[in-house]
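Open the structure in a viewer and keep the selection tool at hand. The stops below say what to select next and what is there.

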Amino acid sequence: QQQVKQSPQSLIVQKGGIPIINCAYENTAFDYFPWYQQFPGKGPALLIAIRPDVSEKKEGRFTISFNKSAKQFSLHIMDSQPGDSATYFCAASTNDYKLSFGAGTTVTVRA
Amino acid sequence: NAGVMQNPRHLVRRRGQEARLRCSPMKGHSHVYWYRQLPEEGLKFMVYLQKENIIDESGMPKERFSAEFPKEGPSILRIQQVVRGDSAAYFCASSIRGRTTDTQYFGPGTRLTVL
């Protein structure tokens with residue numbers, strides 16, 4: 001049973017476009033929502049994270065939007081570049097260490 | 001400061017053999033986590049260890065799988081009598097402490113193929 005559902009599975013955008021990845025969860029005890037970026041052959045790397053007491057967080061070109069009532073959160077990549085082509089995972093955890101990951105979204109940014 | 005190191009990067013085993021995966025955490029990190037990633041799926045938590053202690057192994061299959069993190073040396077994930085369904089990427093992560101707010105830094109993974 002997957003605790004975090006992620007969509008779409010893959011998406012392709014042109015350079016400068018804004019890929020949007022959505023995640024939904026059921027467990028209301030989740031209180032930490034990180035996003036990880038993974039390049040082929042590498043391990044996931046933390047990109048940005050949010051807690052449910054804020055509705056939006058920006059770091060550089062990456063923005064997380066969080067809707068606590070809908071139990072959904074999303075990642076937007078502004079002004080996307082070919083170097084952003086990677087697999088992105090959303091995750092969630094309760095007040096502990098155990099991360100529950102979504103299935104991942106493969107983003108391709110075409111030049 | 002070197003990142004999390006895992007070896008081997010690729011491991012091929014025949015059914016029934018044993019697989020040993022090693023993980024050296026980042027310097028100064030004493031908390032280690034193992035995750036498994038099946039094709040087309042996200043990472044799934046397996047086990048959390050501190051030096052010489054297994055803190056949480058709730059995600060690890062009860063049979064054939066074991067993990068350790070000795071006082072000296074790397075953490076080891078051991079899979080006995082491997083089956084084809086064990087083929088996956090196994091990632092190790094480490095953190096300074098075991099709290100939610102502590103970033104887990106991931107290694108490059110070991111890709112296990114069972115023939």
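Contact here means heavy atoms within 4.5 Å. This is a predicted model, in which local features need pLDDT of at least 70 and side-chain atom pairs count only at pLDDT 80 or more, while totals for chains, interfaces and linings use all residues. Residues are numbered from 1 along each chain as its sequence is written, chains are lettered from A in the order in which they are written, and side-chain values use heavy atoms, with hydrogens and water left out.

Select Phe33(A) to begin. Among the residues that Phe33(A) touches, not counting those up to four places away in sequence, are Tyr25(A), Ile48(A), Ile64(A), Phe73(A) and Ala91(A).

Now select Cys23(A) and Cys90(A), which form a disulfide (cysteine sulfur atoms within 2.5 Å) with their sulfur atoms 1.9 Å apart. Cys23(A) is in strand S3 of chain A and Cys90(A) in strand S9 of chain A, 67 residues apart. The torsion about their S-S bond is about -100°, so the disulfide is left-handed.

Last, move to Cys23(B) and Cys92(B), a disulfide with sulfur atoms 1.7 Å apart. Their link is also left-handed, with -45° about the S-S bond.

Key
Helix = DSSP H or I, 4+ residues; strand = E, 2+ residues; numbered from the N terminus.
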